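Colleague: I am new to this one. Please show me the model, then let me question your terms.

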Amino acid sequence: RFEQGTYRAARNFVEETFGSEPFISIHWRRTDFLKVRRTQPGVLQSPEDMVRHARRLMRRHNIKHAYLATDNNIHAEMSYVFEKLSPARYGAATAAQD
């Protein structure tokens, strides 16, 4: 379990960002996974594949919002993802995209 402050911060972020609206949460690993998992089919998704997968889920479940957690630091890939999904991000990750 995390400290209560962690849960409180997460709850506040969700309430401020999404209100009572449903959202999908995406954990998109890139940096280390590109090296370690590259031989495992289906583990890695390109930006285009990840966006396509997320949008399919969003349509299927009638969800308009997405949260993205990622270690990706490739500007072109992140620009594409933000253009297509407009995902919310938490903390310093948000400032990096502004």
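Colleague: How do you know what length is expected for helix H3, and what span does H3 reach?

Modeller: This is a predicted model, where local features need pLDDT of at least 70, side-chain atom pairs count only at pLDDT 80 or more, and totals for chains, interfaces and linings use all residues. Residues are numbered from 1 along each chain as its sequence is written, and side-chain values use heavy atoms, leaving out hydrogens and water. Helices (H or I, at least four residues) and strands (E, at least two) are DSSP runs, numbered from the N terminus. The expected span is 1.5 Å times one less than the number of residues. H3, residues 47-60, has 14 residues. From first C-alpha to last it reaches 20 Å, close to the 20 Å expected.

Colleague: Which residues of H3 are buried, and what puts them on the same side?

Modeller: Pro47, Met50, Val51, Ala54 and Met58 are the buried ones. They cover an arc of only 95 degrees around the axis, so they sit on the same side of H3. The arc is taken from the directions from the helix axis to the C-beta atoms. The face turned away from the buried side carries exposed Arg59 and Arg60.

Colleague: What covers the buried residues of H3?

Modeller: Strand S1 (23-28), strand S2 (65-70) and helix H4 (75-85) are among what covers them.

Methods:
Buried < 20%, exposed > 50% of the residue type's maximum accessible area, 1.4 Å probe, protein only. Contact = heavy atoms within 4.5 Å.
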